[in-house]
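Hi,

Here is the structure we talked about, for you to open and look around in. My notes on it follow below.

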Amino acid sequence: MLSLGYEVHGLVRRVALEDPERRFTRIAHLLDRVQLHAASLESYPSIFAVVSHHDFDECYHLAAQSFVAESFADGFSTMNTNINGTHYMLAALRELRPQCRFYFAGSSEMFGLVSETPQRETTPFHPRSPYGISKVAGFELSRNYREAYGMFAANGILFNHEGPRRGFEFVTRKITSTVARIKAGQATELRLGNLEARRDWGHAKDYVRAMHLILQHDRPEEFVVASSESHTVREFCELAFSEVGLDYREYVRIDERFYRPAEVESLVGDATKVRTVLGWHPTYNFSELVREMVQNDLKVVLSQTAGLPAAIGGQR
Ligand code: GDD
């Protein structure tokens with residue numbers, strides 16, 4: 001957004017503002033170029049206050065409790081934050097900035113137990129987790145504000161998007177960060193759950209471009225954003241370990257704790273609409289994504305060993 005000349009504002013919780021050293025690692029290089037406001041998805045007045053002070057043109061509503069496994073552990077908080085938070089954002093915009101374009105971060109998790117392959121905009125939803133259910137509710141809220149109040153509320157349905165800034169609890173980063181630690185002699189094994197789960201993994205850098213394009217379209221609509229390739233967690237491991245000359249079978253251990261009560265076994269998206277209508281196309285393929293993440297984590301481990309501040313960033 002900055003490179004396109006936008007003035008960028010973000011919402012952060014007060015706890016994060018009070019602990020910038022740890023909480024802002026991923027945006028440390030941008031802190032002097034964005035304006036951050038204290039607000040919480042759990043508080044309508046805090047969102048209303050921020051929206052009332054600035055004349056926003058576009059709103060990218062990406063904030064959520066986004067870790068599927070955690071949503072099984074505490075479904076109540078996930079539902080409260082994700083559903084009410086989306087409703088608060090939409091209600092505040094309707095009240096104060098009805099012309100602001102709104103992007104809702106829908107997810108391929110909404111397809112869950114899939115009824116057709118590949119999944120596209122018209123594929124029915126069958127979510128398999130409190131997280132997936134909360135995203136379906138947010139998606140429908142967004143569509144309802146469009147239909148009821150004429151707001152420009154658009155829905156992206158993004159498949160998994162990864163990169164060097166991914167949180168360590170998600171499987172891709174868990175794998176690449178552990179590969180780097182094993183290579184550096186700081187870890188001896190990698191404990192994972194279901195290795196046969198299939199995901200359609202793309203690079204976050206490509207997917208945020210799609211979000212922007214979705215809001216530049218002449219109508220608010222739904223768009224699937226996907227690489228249209230699917231790989232198993234096992235294949236991700238195989239490639240990540242081979243990047244540093246190791247065989248994953250010697251290090252990966254199956255751990256029942258990382259299985260989910262209800263799994264989304266296989267996802268792969270049909271990105272025809274976003275490609276043809278918006279001209280979007282990804283610039284990374286699967287092996288480039290895995291390579292970049294492993295190489296970045298090797299650098300992080302080396303800089304920590306050398307006592308340098310850890311760098312988290314992309315290469316392009
Ligand atoms: N996290 C994790 N940890 N996942 C594991 C593990 C493990 O140790 N072992 C196997 N997996 C499997 C999960 O069971 C799942 O099938 C797959 O790896 C991917 O898990 P995650 O990386 O946690 O992502 P996700 O697919 O559940 O959800 C992500 O993508 C969605 C888009 O489809 C998140 O980013 C969601 O917020 C996002 O909506």
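Arg 219 is partly exposed, at a relative accessible area of 44%; buried here means under 20% relative accessible area, exposed over 50%, and partly exposed in between (1.4 Å probe, protein chains only). Arg 219 pairs with Asp 218 in a salt bridge, with 3.4 Å between the closest N and O atoms. A salt bridge is a side-chain nitrogen of Lys or Arg within 4 Å of a carboxyl oxygen of Asp or Glu. Asp 218 itself is exposed, with 57% relative accessibility.

Before going further, a word on what you have: this is a predicted model, so local features need pLDDT of at least 70 and side-chain atom pairs count only at pLDDT 80 or more, while totals for chains, interfaces and linings use all residues. Residues are numbered from 1 along each chain as its sequence is written, and side-chain values use heavy atoms, with hydrogens and water left out. As for pLDDT, it is the predictor's confidence in each residue, from 0 to 100. The chain averages 96, and 97% of the residues score at least 70. Confidence is lowest in helix 2 (residues 20-23), with a mean of 89, and highest in strand 10 (residues 222-225), at 99. Helices (H or I, at least four residues) and strands (E, at least two) are DSSP runs, numbered from the N terminus.

Back to the charges. The structure has 22 salt bridges. One of them joins Asp 19 to Arg 23, with the closest N and O atoms 3.9 Å apart; Arg 23 is partly exposed at 43% relative accessibility. Another links Asp 255 and Arg 257 at 2.8 Å, N to O. Asp 255 is buried at 9%, whereas Arg 257 is exposed at 63%. Those two also belong to a network of salt bridges that takes in Glu 189, Arg 191 and Arg 253.

Strand 10 is worth a look too. Glu 222 lies in it and is buried, at 11% relative accessibility. Its side chain makes a polar contact of 2.9 Å with the side chain of Asn 155. (A polar contact is a pair of N or O atoms within 3.5 Å; within protein, one must be able to donate a hydrogen and the other to accept it, and residues adjacent in sequence count only if both atoms are side-chain atoms.) Leaving aside residues up to four places away in sequence, Glu 222 touches Glu 121, Phe 139, Arg 143, Arg 146, Asn 155 and Lys 273, where contact means heavy atoms within 4.5 Å.

Cys 100 is buried at 1%, and Cys 237 is buried at 0%.

Lastly, Val 34 sits in strand 2 (residues 34-38) and is buried at 15%. Val 34 touches Leu 2 and Val 8, again not counting residues up to four places away in sequence.

Cheers
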